[in-house]
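User: I want to learn how to read helix packing and aromatic pairs. Can we work through an example?

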Amino acid sequence: MVALASAAGAAVASAAGTDAWQGMRQRVARLFGRGDGAAQRFHLERLDGSVAELERAGPEAREQARARVLAAWQTRFHDLLDDADDEDRGELARQLDELVRYGQRPFGGMSAGDGGLTVEGTVDIRADRGSAAAGVMGDVTIGNPQRPGPGHN
């Protein structure tokens, strides 16, 4: 359980201030709130405080600030597991494992392989006047094909 709490704390600290943050933030607040809206709001404020601490730290102090955020969230996750009864602890461990796996996905889970395109937001791709347009484009030939010679269909 200590390793799981440590991994979850590291996931929160790593996601803070990145594209994965909003998803991580919501997951953590739901985990701690456990259906209580006031508790969720309280933990959202704590999470926002973690990001604010990182933003206030200058470049030279950012790693120290990240280490403090990591330690604080490790302790909170450890306490959450420690305070749970045996029945709830198993479910919390499963949810923490999911949280850690979410934190390990690139850019909050969005990725594209070779030749792929990953977009967050709106993409508007247009072609006009005999041009070609695409999000990802391989070899393209524009124009009329040559007429087949004798013996070609």
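User: Where is His 43 found?

Analyst: Some ground rules come before that. This is a predicted model, where local features need pLDDT of at least 70, side-chain atom pairs count only at pLDDT 80 or more, and totals for chains, interfaces and linings use all residues. Residues are numbered from 1 along each chain as its sequence is written, and side-chain values use heavy atoms, with hydrogens and water left out. Now the case: His 43 sits in helix H3, residues 37-56. Helices are DSSP runs (H or I, at least four residues), numbered from the N terminus.

User: Is His 43 buried or exposed?

Analyst: Buried means under 20% relative accessible area, exposed over 50%, and partly exposed in between (1.4 Å probe, protein chains only). His 43 has 9% relative accessibility, so it counts as buried.

User: Which residues does His 43 touch, not counting residues up to four places away in sequence?

Analyst: Contact means heavy atoms within 4.5 Å. His 43 touches Ala 29, Phe 32 and Trp 73.

User: How do I read two packed helices?

Analyst: Use the angle between their axes and the distance between the axes. Axes are lines fitted to C-alpha atoms, for helices over the stretch in contact, and angles run from 0 to 180 degrees between N-to-C directions. Here the axes of H2 (residues 21-33) and H3 come within 8 Å and cross at roughly 140 degrees. Angles under 35 degrees count as roughly parallel, over 145 as roughly antiparallel, 65 to 115 as roughly perpendicular, and the rest as oblique. H2 and H3 are therefore oblique to each other.

User: Which residues make the contact?

Analyst: Among them are Ala 29 and Phe 32 of H2, and His 43 and Leu 47 of H3.

User: How do I read a pair of aromatic rings?

Analyst: Take the distance of the centres and the angle of the planes. Rings of Phe, Tyr and Trp (its six-membered ring) pair if their centres lie within 6.5 Å; planes under 30 degrees apart count as stacked, over 60 as edge-to-face and the rest as tilted. By this rule there are three aromatic pairs. The ring centres of Phe 32 and Trp 73 are 5.8 Å apart with planes at 70 degrees, so that pair is edge-to-face. Phe 32 is in helix H2 and Trp 73 in helix H4 (residues 62-83), 41 residues apart. Phe 32 also pairs with Phe 77: 5.3 Å centre to centre, 35 degrees between the planes, hence tilted.

User: Which residues form one aromatic cluster?

Analyst: Phe 32, Trp 73 and Phe 77 do. Phe 32 and Trp 73 are buried, and Phe 77 is buried too.

How values were computed: Helix = DSSP H or I, 4+ residues; strand = E, 2+ residues; numbered from the N terminus.
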